[in-house]
Amino acid sequence: MCRVLVLADDLTGALEAGAKFAATGASVHVTTKPEFPADKVQEDAVLVIDTETRHVMPEQARRCVFDLSRAAQNARIQYVYKKTDSTLRGNIAAEIRGLCDAFPTSPLLYVPAYPKMGRTVRAGILYVDGLPVTDTSFARDGLNPVGESHIPRLLSGEGARPIISTIAGNLTLAPSAEIYVCDGEGDADLEIAARKFVQSAFFCLAAGPTGFVGYIAQLVTLPRTTPPSLPVLRRALVVNGSRNNISIGQIQHASHQGWATRNADELAKTNGEPGWVILDQPVANSSPVDFARRLSRTVRSILSREEFKAVVVLGGDTAYAILDELGITDLRPIGEVLEGVPISAMTIDPAVLKGDSPLYLISKAGGFGPVDVLCLIHAKLTRG
């Protein structure tokens, strides 16, 4: 029976969280369907729902999280985790309020740090590589610019619960309905907070990026089997839908290392050219949403005539648009190729796509990873 529900506001976050649980041997199901799958909660230990609420109005996001959380309560799911963006993008305050409204007597533990990705929290302020997040490029995000670095202030407002800002070592959990915002400057802080959460007799609500959920995944009691092995992938299509300079630099680095770059017409003439190929798709002067939709149609056209075993996608909105275009709503996380880079298996319809199931999706948020991340992923999944 499902023990943990994770709610993520975009696809990359959902897959990252699912990968953390899958890597421990837990049975995990990720869905992009917006409704609570009451008929499937008996099948997997962990259910992850991509709510796609990052770009909607705050009240719509709050209501979506509230409805799903109330359904989880009725289904007697033990823990609900609100996966949040590690740079505070999206409707975090509204969604945490929706979760708290569904569990009016339960406290919530929010651990916003992700030290392995350079996200640390000190005195309630989120830093990205040593700078307050509002002093970074995330403050100029095209869809969700970040306007607040101080997390308790971000969460405050009319109807908000009392907020306690603390550090992991001093975390004293009480049964009152409050929000605990926990600092974190290293992985040890996340582990301490996770242990206190799991060992608590009255905690069932948590929130934070993938770093914190990773420790909860290791510590919570779940049925487990041997984790699946990473596949060997000799042919993959690399698609960048992110306008973040980090992703652009990663594509440029791979190209400079000799990776083939082909547009859709050129791919049609390669006759199954082996290797990992970067899709050359210039960013037009259009909105990120329109660009993602256009790019997804191009990817579907390519996959309908060319057999690839995997699609590597940079950017959560683009990954979602591609799945939507392919009619895929359900995924099975396998684990992480690298920190913050999950790999998932998808069942494909042979009437729509060329090749055999599964088709693997390797996804990465636009602002994540070192410049050589694609080369590192390639080395891991081709065994050299």
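Select arginine 293 and aspartate 290: their side chains meet in a salt bridge, 3.9 Å from N to O. Keep in mind that this is a predicted model. Both residues sit in helix 9 (residues 288-305), three residues apart, so about one helical turn separates them. Arginine 293 is partly exposed, at 48% relative accessible area. Aspartate 290 is partly exposed too, at 38%.

Next, pick lysine 33 and aspartate 330. Their side chains form another salt bridge, 3.7 Å from N to O. Lysine 33 lies in the loop between strand 2 (28-31) and strand 3, and aspartate 330 lies in strand 16 (residues 330-338), so the pair ties together parts 297 residues apart in sequence.

Now go to aspartate 9 and arginine 54. The closest N and O atoms of this salt bridge are 3.0 Å apart. Aspartate 9 is in the loop between strand 1 (4-8) and helix 1 (11-22), while arginine 54 is in the loop between strand 3 (46-50) and helix 2 (58-74). Are these two residues buried or exposed? Both are buried. The whole structure holds 20 salt bridges.

Move to strands 6, 7 and 8. They form an open antiparallel sheet in the order 6-7-8. Strand 6 (119-122) and strand 8 (131-132) are at the edges with a single partner strand each, so one side of each has no neighbour in the sheet. Find valine 121: its bridge partner in strand 7 is leucine 126.

Last stop: cysteine 2. Its sulfur is 13 Å from the closest cysteine sulfur, in cysteine 204, so the two are too far apart for a bond. The whole structure has zero disulfides.

Methods. Residues numbered from 1 in each chain as written. Predicted model: local features only at pLDDT ≥ 70, side-chain atom pairs only at ≥ 80, totals over all residues. Heavy atoms only, no water. Disulfide = S-S within 2.5 Å. Pairing = 2+ DSSP bridges. Helix = DSSP H or I, 4+ residues; strand = E, 2+ residues; numbered from the N terminus. Salt bridge = Lys/Arg side-chain N within 4 Å of Asp/Glu carboxyl O. Buried < 20%, exposed > 50% of the residue type's maximum accessible area, 1.4 Å probe, protein only.
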